[in-house]
Amino acid sequence: MAQRVATADGGNKKTSRVRVAVRLRPYMGKLDEKNEGLCVRGLDSQNLEIINWRNATETVKYHFDVFHGEQTTQQEVFLSSVKPVLPHILNGQNASVFAYGPTGAGKTHTMLGSSEQPGVIPRAVREVFKLVKAKDEGEGWEYSIGMSYLEIYNEKVLDLLSPGSQDLPIREDKDKNILIPGLTHTTISSFSDFDKHFIPASLNRTTASTKLNQRSSRSHAILLIKVVRTQRALSHRQQTGKLYLVDLAGSEDNRRTGNQGIRLKESGAINLSLFTLSKVVDSLNSATAVRVPYRDSKLTRLLQDSLGGSAHSVMITNIAPEYKYYFDTFTALNFAAKSKLIVNKPFTRETVAVPVLPVKRARDDHEAGGSDSEPHKKKQKEKGREMNDSSHPAHLNSLSEPSVMDRLIALEKLMMSCQDKDRSSMLKDVAQSRKEIQELKEKQREFENKALLLSRLAGEKLSTKQEPDFKNNTAPLQRKQSIASKPNKQRAVVQPLQVSQLQPLQQLAVVKKQSVCVKKKKLSGHVELPDGKENIMESSWESQLDTSVLEQSRKKILQLLNSGSLKELKSLQQIGDKKAKLILGWREIHGDFTQLEDLGKVEGMTEKRFSSFMKANILSAMGK
């Protein structure tokens, strides 16, 4: 199981904001038909402005971490935006770099580049190998680097390293890490080895031509670089860091791209996944959001660690300067401004490899050899049959095998033999192993006592049933008494349960209801009460109930209001989906309810609704 460990080289940083860089593509082609020219321009290394579409004489200004102008090279983009997050991978942390923007804005060029101008992906992989090579061998760590490459095409996860693969599922392990079973993971030892696998896999990615882009990406591509470093010392600590390099497909306006048929279906899937991505960002920035919709799209499911997760994230937003891309550029800048507010919580993923100890065998197995082995096995089988015939639960003692105890003790010794700086992080595991040992011992004692009791009972039954067995053989006509035996079974089994558990509550509820009805009849016989006094009689229903039962019901309702989930709150009477969400929101802002009367402070809960809510839930609790 992965542990969260604070490292000395920057790993103890609790939060990390998503860094946003904006890159402006150079102007391509002639001026627009309306001679409107450029719609966006940069002011300095961090600021830019775009024309306000409501008023052409005004501009809207944006501030980001980095702004790359039209003349910025691939090397400058990598050095200023991507390179600072790469050292975290070697320390067991995750990092993510993804390109976002409309179609034709230069995302694939930024991530892949060309042979003359390589992009972020080849430069980042080359830098990872340089960092591993620069590590001193005297540190006592061994490094292993692997890669996986996939695409999300029409909401299907496809393995680019294995072109014939089908749609792969997305899973989450017990440590909340996102996994893809069946995805190819290839170990690489050098950059040339990476190039040998990456270039053919890139050709497997789905692309097509549209009116706005001759080679438009029709899928989201994700490259995963996994770095595992293992300590050579006895504790064998292992730290795993992952680098996600994501080239997102661009949002498309089908009126301008001219998509039809398959292209139209592809653009619909792309726009839907990007819309879900924007909903995730809005939910992360909203203080009142109850749920972040990561699972609504496979793209957001895979980017769960990058947005609001535990990765050092960098988003490179690509925009186009032409006025025909104005609304796409304006939307992309707004999305980038919202993404800049997201805060992640990185931590180091570290595991300790536990050596597997051999299982100890019995002395008889070591002493017996050759020709004596088969008769010895037969004797053991016969002994096992005798034990099963005498007492069935005797086999439960095998749950507490000595090998399990030995492994737990060896694990405790191994943890205690670590260096002083590691002992503080292992104390929890040591305490847990001790508890497991105690539980195993107690279970073994319980099993032994049960086996002895059952063996004694079996012996007594055998001694008492010997004589009746002969008598029953001479009286087969006793089957006629089966009709009369049925009511006896009902009296012995069913009726005591009904009397002991259900009858007191039913009597209590019936008596109280009758007393209330009698009082109303007597009063109505003498004087006609106005509406106000009749309401007072209805509101005094609590005084007619047993105080202990009433107090117990109020405590249960208060406990459910303070600790219940959305589904559990909806199980209450007169509480729907809207009211349950309002209760959760009030609880997150003000804390737990100190008393049931605090429920009246929730929006929409009037005094009359509160009284009817209490009456319905307490009476329903008594009726159960």
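This is a predicted model: local features need pLDDT of at least 70, side-chain atom pairs count only at pLDDT 80 or more; totals for chains, interfaces and linings use all residues.
Local features were taken at pLDDT of at least 70 and side-chain atom pairs at pLDDT 80 or more, whereas totals for chains, interfaces and linings use all residues. Residues are numbered from 1 along each chain as its sequence is written, and side-chain values use heavy atoms, without hydrogens and water.

The protein chain contains 19 helices and 20 strands, assigned as DSSP runs numbered from the N terminus (helices, H or I, at least four residues; strands, E, at least two). Of its 624 residues, 38% are buried (under 20% relative accessible area, 1.4 Å probe, protein chains only). The accessible surface of the chain is about 38000 Å², and carbon and sulfur atoms account for 53% of this area (Shrake-Rupley method, 1.4 Å probe).

Buried residues of H8 include Tyr-326, Phe-330, Leu-333 and Ala-336. In an α-helix, residues three or four places apart point the same way because there are 3.6 residues a turn.

The largest cavity is lined by Ile-152, Asn-154, Glu-155, Arg-218, Ser-219, His-220, Ala-269, Ile-270 and Ser-273 (a cavity is a set of points on a 1 Å grid over the protein atoms alone where a 1.4 Å probe fits but cannot get out; lining residues have an atom within 4 Å of a point). Helix H6 (residues 262-285) gives the most to this lining, with three residues.

Technical notes. Buried means under 20% relative accessible area, exposed over 50%, partly exposed in between (1.4 Å probe, protein chains only). On a 1 Å grid over the protein atoms alone, a cavity is a set of points where a 1.4 Å probe fits but cannot get out, and a pocket is an open set with protein on both sides within 12 Å along at least five of seven lines; lining residues have an atom within 4 Å of a point.
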